[in-house]
Amino acid sequence: MKMSKITACDVKDCSYNQKAQCHALAITVGGPEVCACCDTYLHADKKGGVAEMTGGVGACKVEKCSYNTSFECGAPGIKVGLHQGHADCSTFKAR
């Protein structure tokens, strides 16, 4: 299984976001909320991640997503955007 890449990130205040691209090595989707939030979102003054690479989805805790198989993301790529004031996987598709 290949790691799904993050094709775009619209959450400009995330420390891993540089020019609408995620540069975290890998993110986790899903958290204590019911929605498919980006659990890796970080707001800090300093930029983080690896500038030379595009982030991927390391784990997905959203069992109700049709792309989720054994807590791994099978989407060809995902987009992260703002949803009700927090970072969310916009690619989420209910089973």
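This note comments on the fold, the surface and one cysteine of the structure above.

1. Basis of the comments. The model is predicted: local features require pLDDT of at least 70, side-chain atom pairs count only at pLDDT 80 or more, and totals for chains, interfaces and linings use all residues. Residues are numbered from 1 along each chain as its sequence is written, and side-chain values use heavy atoms, with hydrogens and water left out.

2. Secondary structure. The protein chain contains 9 strands and 0 helices, where helices (H or I, at least four residues) and strands (E, at least two) are DSSP runs numbered from the N terminus.

3. Overall dimensions. The C-alpha trace of the protein chain spans about 35 × 30 × 15 Å along its principal axes.

4. Of the 95 residues in the protein chain, 39% are buried (under 20% relative accessible area, 1.4 Å probe, protein chains only). Among contacts (heavy atoms within 4.5 Å) with a separation of 6 or more, 66% are between residues 24 or more positions apart.

5. Surface. Carbon and sulfur atoms contribute 56% of the accessible surface of the protein chain, which comes to about 5,800 Å² (Shrake-Rupley method with a 1.4 Å probe).

6. Cys22. This residue is found in strand β3 (residues 21-22). Cys22 is buried, with a relative accessible area of 8%. Leaving aside residues up to four places away in sequence, Cys22 touches Ile6, Cys9, Tyr16, Ile27, Met53, Thr54 and Gly55. Cys22 and Ile6 are 16 residues apart in sequence, and their C-alpha atoms are 6.6 Å apart in space.

How values were computed: Buried < 20%, exposed > 50% of the residue type's maximum accessible area, 1.4 Å probe, protein only.
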